[in-house]
Amino acid sequence: MHLKGSCHCGKVRFELESPHPVPFNRCYCEICRKTAGTGGFAINIGGIADTMQVSGQDFVSVYQAAIRDESGEEIGLSPLRRHFCSHCGTALWAWDDRWPELIHPHAGAIDTPLPKPPELVHLMLASKAPWVSVEHGPNDQSYEGYPEESLEAWHQRLGLEA
């Protein structure tokens, strides 16, 4: 599926191909929640990194979050690079050099109509904010950490590859 996205102010626009465009993963970790999760979670989808085309690159900034242990002590930086508009702050996409062929646009930045997921995966619930209520549907899955099933495998299982 060909996706087009943009930031709120319009200074950054992007396009890419996505074989896994259904926005089903809700991440409740502190980093996602604070950088892009206005409902207490963030939703990224899967794309092919080398198809990404960006206009307004001068307005794209990158944030690498600190990883902390249980005591709050910083133990390193997240390898995930979160890209956002430096003018309006819109979360745009995430990229990790451990999987350089993949890119993960933030679903909220996509302008192309996305398919509605038949089920949701709620992940990183161990670090969910106490004020967040998980709206769990009848077929939804929930995980304290990361699920074993990948974006690709989830789309394949449900016959949803674009």
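Is Trp-93 buried or exposed? I find Trp-93 buried, with a relative accessible area of 7%; buried means under 20% relative accessible area, exposed over 50% and partly exposed in between, with a 1.4 Å probe and protein chains only.

A note on the source: this is a predicted model, where local features need pLDDT of at least 70, side-chain atom pairs count only at pLDDT 80 or more, and totals for chains, interfaces and linings use all residues. Residues are numbered from 1 along each chain as its sequence is written, and side-chain values use heavy atoms, leaving out hydrogens and water.

Next I looked up aromatic pairs and noted three in the structure. Rings of Phe, Tyr and Trp (its six-membered ring) pair if their centres lie within 6.5 Å; planes under 30 degrees apart count as stacked, over 60 as edge-to-face and the rest as tilted. Phe-14 and Trp-93 have ring centres 5.2 Å apart and planes at 70 degrees, so I logged the pair as edge-to-face. Phe-14 is buried at 1% relative accessibility. Phe-24 and Trp-154 are stacked, with 3.7 Å centre to centre and 0 degrees between the planes. I have Phe-24 down as buried, and Trp-154 too.

Then I turned to His-83, which is buried with a relative accessible area of 13%. Beyond its neighbours within four places in sequence, His-83 has contacts (heavy atoms within 4.5 Å) that include Val-60, Thr-90 and Trp-93.

Last entry: Lys-11 lies over the face of Phe-59, 5.3 Å from the ring centre. For this I need NZ of Lys or CZ of Arg within 6 Å of the ring centre and within 35 degrees of the ring normal.
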